[in-house]
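Let's take a look around inside a protein model.

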Amino acid sequence: MRTSVVLLVLLAVASHTVAKPKNRFTRYPSWNTKMYPIWKDGDPRYKESWKGGKVIFNVGNDSPTLTGAKVTFTIDLEFPHNQKVQPNGDVVWAEDCTVNGTKYYKSEPVYPTENTDWEAVFPDGTPFKKDKRPNYVFVWKAWGQYWQVADDSSSSLTISTDDIPLGSYTMDIVIYHYRSREKFIPLGYASTQFSITDQIPFAVSLDQVNDIVAGDMRFVQNRAIAFTITLHDPSEYLSSADITFNWDFGDESGALISRELTVTHTYISSGAFKPKVVIQAVIPDKACDPPVDNPTKAPGPPADQGTTEEDNTEDEASTASTTQSPQEAPAVAKTLSLINHIMPAEAQTGLTTGGKRTLTGRAGALVVAKRDANDKPSDDDCVIYRYGSYCAGIEVFEGIEKVEIVQMDNTVMATPDMDKNALDITVTCQGSLPKEVCSVILDADCLKPIHTACNMVEPSKECQLVLRHFFNDSGVYCINVSMANDVSLAAASARVNVDMGSGLSSHGTIAIVLGVLVLVLTVGIVAYTYKRFKSYRPLKEDVIASAGLQPNQPHSCSAASMFWSLLNRRGAVDNCPLLQERPV
């Protein structure tokens, strides 16, 4: 019974301890709590620390980092949607709005700049090194040490990893905003995880021309595959190293040693393969460099991290101990260039000890493996050896090797509406059989698509297809034909001249023939009539008198009268006096 009571008491004490709010960021002895107050988690003042809403902290880093290289941390402040950052760093209202009953106008500063005639200092008392006092102060913490940065809403910190043990770590950061004379208000805390490894981080991508599905690790035989390596070295630690790549493509073709970042290999048979590569970097050892007058060394993690979390209020003196004296606390200036956060997922979750993270295909892959590092080579030749390895499984299939357009026939197809010129294209292929065929008709310059058609191909023993296309206009066209299956794609192209006058329909032919026959018959009738009535006989005077005409009276001869005479078969009588045997 007594034991149960003791256990209950211990559990109650433990629950009280866990529930009690604590400071996420322990102060070091010289922290100026009056100028830089520290609020506990859950403090209601955080909700009112910024007008108009909550500020979001986007924190990242460029790890994994090779031991001895530098790691860069970045932070960007994301303000509420109704606010924006000016080029000079000031935050203004993006629109007219009302917050908590107070009216604010567009382009009005959220926090107007205060006139300060005092020397701005960091939390440890170190003065700012900038002529213009920044609006924000970022205090970074890792390994029990602190780095202070005065900057605008975007900032970064770059530190060295010399003498830092391999592993995954967390970088904490507290963000302060200048509010009034000698007063900075904490906006909140953030953190990001990073890792230090002795394995060279790098990415591998595999690409093949006409790959149907990029990144599926399925390729076609007898076609070159490009293996491309991208080293993850944002701090350029390996810029002076001698790096070699030892490739084994897994098809018993032998090893390939290269210093090029991209190599190609062709698999001549189908099957499953496991290409591998081992990277070796020979890095000059900085320990062999001649000493300088004032050597400096980046602070490392404390051997005994005696920093403790305290629950002191902001008015109480902090007794948190660190291995770094107040005079040694560095004041870090802004890094000139920001490094993009390469692995956002890893920055949140960290890296598993002894594991690897790989991503194959076209997407980049970061490969990390952790083990104990022996920085000094056995022969002590002032170089450091670092390695990295990669292995992936791929499948190679027989693909469509070649597509050819072997014949094009131009024919005319009669339809109820109109006649169309049909072009029959005979296409053959070599290799595996296609599942889909697509044809594209383009203009004479082979630039503008006019018509596209895709159809599924029925299984057959031979790869030969006849594609039919209809044309309404004459001209020169480009034709592209492509065949594809699950793993491969092949294409061929040709140019064709379509002539709509090269053929005539039966209806058109009959109409033209009938028209010609009617014309010939008409011409024959006219010629026969003219030949029969071409001889004329003299006219008698009694005939002229009976017609009521005087001998000396002029007569008119018109085409109408002559035609009327022909119709009435009066060829023996001529009404024209010019044909009589007398002088006119």
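## Ground rules

This is a predicted model, where local features need pLDDT of at least 70, side-chain atom pairs count only at pLDDT 80 or more, and totals for chains, interfaces and linings use all residues. Residues are numbered from 1 along each chain as its sequence is written, and side-chain values use heavy atoms, with hydrogens and water left out.

A cavity is a set of points on a 1 Å grid over the protein atoms alone where a 1.4 Å probe fits but cannot get out; its lining residues have an atom within 4 Å of a point. Points are joined across faces, edges and corners, and volume is the space filled by probe spheres set on them. The count here is 5 cavities of 30 Å³ or more.

The second largest cavity holds about 60 Å³. Its lining includes Pro 64, Lys 70, His 232 and Asp 233.

## A cis bond

Pro 64 also takes part in a cis peptide bond with Ser 63, with omega about 5°. You'll find Pro 64 in the loop between strand E1 (56-61) and strand E2 (65-66); strands are DSSP runs (E, at least two residues), numbered from the N terminus.

## Positive phi

Asp 163 isn't a glycine, yet its phi is positive, about 65°. Asp 163 is exposed, at 56% relative accessible area (exposed means over 50%, buried under 20%, partly exposed in between, with a 1.4 Å probe and protein chains only).

Asn 210 has a positive phi too, near 60°. Asn 210 is partly exposed, at 40%.

Notes. 1 Å grid on protein atoms, 1.4 Å probe; cavity = no way out; pocket = protein on both sides within 12 Å on 5 of 7 lines; lining within 4 Å. Helix = DSSP H or I, 4+ residues; strand = E, 2+ residues; numbered from the N terminus.
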